[in-house]
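Hi,

Here is the structure I promised to pass on.

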Amino acid sequence: MLKTKKSESTKAKTPKTEPKKENAKQESKIKELQTTRERKTVIMQGNEAVAYGALDAGVNFFAGYPITPSTEVAEILAAELPKRGGVFVQMEDEIASICAITGASLAGAKSLTATSGPGFSLMQEGIGFAKITETPCVVVNVQRLGPSTGMPTSPAQGDIMQAKWGSHGDSPSIVLYPDSVKEAYELTIRAVNLSEKYRTCVILLMDEVIGHMRESVRLPDMANVRVINRIKPTVPPHWYKHYDENQKYLSPLASYGEGYRFHVTGLTHDAHGFPTNKSSEGGEMMDRLRKKISYNIRDLVQIESHQMDDAKIAIFTAGITARAAKAAIAMARYEGIKVGLLRPLTIWPFPDDAVRKMLRNVDTVIVPELNQGQLIHEIRRLTKDKSDGDVIAIQRVNGQLITPNDILRKIKEAC
Amino acid sequence: MMDKSYEIRLSGSGGQGLILAGIILARAAVIDKHKVTQTQSYGPESRGGYSRADVIISDREIYSPEATNFNCLLALTQEACDKYLFDLRETGILIIDTTYVKNLALAADNTYELPFTEIAMEKLGSPISTNVLSLAFLVKVTGIVSESALEISLRESVKPAFVDLNIKAMKLGFDLAKNYGK
């Protein structure tokens, strides 16, 4: 299946009839598009920011099946990628989409797809394949409410655990979670960068409200955007190992067609990618998948600490709910209540050390989230010394946001 | 100019162009160099069902992007008016389309009542520009963005073929506000 997708994509990318002159012309046009795009303050939608973040990070392949509330990402990339020499493919479904971006990545592309809950569920197997084959790619999941098709236009934060555990077989995940349009742009670039660096499928979780919200933003000039590309092998082809255990778990990645010989399979494999059933090699491979995340936790974890210095009450939440929390904190501080916010920008791997350290000084933790209790379990795990009453939940799953007043009420109850 | 944020909710039913009106207003606020967020809520239908757009304009960082206590409410349907009226501030401005809003449960101090849809049909030949007509009225009454910013934003936000019609609707909206009560 992957092979077919790959051949399709390469065919679309370099049509045989296209002369070299045209290529040069296109390249200069691409350069012009990248450098002259106006970076003034504009009104921009979250999904739009994801699309432009992807382009600025160098994504040149998108395969997807458009779905509310993520559709604008596909719409914009369908218009913009061909102009830049990239490829946009509308697939028959989400299973094909994740397979196509994995295949394109193995052929050397930077690839991304965007979806919502129903599609994210279908993609789980493919995400596992990208992880075990250590293939860089990015999946954007703009969450909606409920199981199955649920409420397509309503916000929810129900996929937090699915983003970590959705694919079977106990492998670590990198999942980022923005709280504004600007951050959607920044974290999209970061997601692409981390996928290239750590050779894995990185997930960008978004809230429906962030995806559809428009905000005044000024994106950084291209000169200030840091782009990471995968490390390419420098060894002679016959020395190349697709999964090189001597490279601090971040091994170079050759693309198909570059003269390096490697095998790609979803089965447990050896350093060259060939299937193995030996417990020693299988165990090594699992170890490798775990260690490349856990050994680099400092690089992966990002957290925002907002008014926590003197806080006696901490609010812990991510995404859109953190915006309501900040509004609630402003109101509470006006009344002299010492409250602050901890917000993970990277939710997986969970920022254990950072959170533990910051929670040590507070009496109470409030965890508001648009689900029936997901982040709160991580907080309870890290606050074993606190009694049940010291970790307070605010949960909502009716398609409405948690308001600043909802949070303010709980802050006052905790005083 | 603004110490606090100014919250506006534009409400009605799907197909009335309220989200576009919200985008036009938000873009005008950016042109006037304010910070702005614009959010929306609507059903899965492309026409009918409920629809609303929130615009928050401020000179400070805007935390919560959802309007909860409006400075101004525009209601183009009875249902929207009934649903959101009680979240309008006491000092807030209420603008209703009397083509569809027949009962007012609570009269706000600053209530503006006009049959916007009827006026659009009569003066512009179609109800399609009711959104821009009522938005221009709102801008003139609240003064929240400049008239010129609204015009620039409008020209940037609608398809070229519809610019003339919408500019006409905008000017009519300004005139209606100027002559209101006379």
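Strand E10(A) pairs with strand E13 (residues 364–369) of chain A in the parallel sense, over three bridges. Within that pairing, Ile315(A) sits opposite Ile366(A) of E13(A). Do keep in mind that this is a predicted model.

E10(A) also has a partner in strand E11 (residues 339–344) of chain A: the two run parallel and are joined by four bridges. Here Ile315(A) faces Leu341(A) in E11(A). To get from E10(A) to E11(A), the chain goes through helix H12 (residues 320–334) of chain A, and this β-α-β crossover is right-handed.

What about the faces of E10(A), buried or exposed? Both are covered: on one side Ile313(A) and Ile315(A) are buried, and on the other Ala314(A) and Phe316(A) are buried too. As a reminder, side chains in a regular strand alternate between the two faces of the sheet.

Now over to chain B. Gly15(B) lies in the loop that links strand E1 (6–13) to helix H1 (18–31) of chain B. Gly15(B) counts as partly exposed because it has 16 C-beta neighbours inside 10 Å, and a buried residue would need 20 or more. Leaving aside residues up to four places away in sequence, Gly15(B) touches Arg47(B) and Gly48(B). As for Asp54(B), it is 39 residues from Gly15(B) in sequence, and their C-alpha atoms are 16 Å apart in space.

Cheers

Conventions
Residues are numbered from 1 along each chain as its sequence is written. Chains are lettered from A and ligands numbered from 1 in the order in which they are written. This is a predicted model: local features need pLDDT of at least 70, side-chain atom pairs count only at pLDDT 80 or more; totals for chains, interfaces and linings use all residues. A residue is buried if 20 or more other C-beta atoms lie within 10 Å of its own, exposed if 12 or fewer, and partly exposed in between; C-beta atoms are placed from the backbone. Two residues are in contact if their C-beta atoms, placed from the backbone, lie within 7 Å. Two strands pair if DSSP finds at least two bridges between them. A crossover is right-handed if, with the strands pointing away from the viewer, the path from the first strand over the helix to the second runs clockwise.
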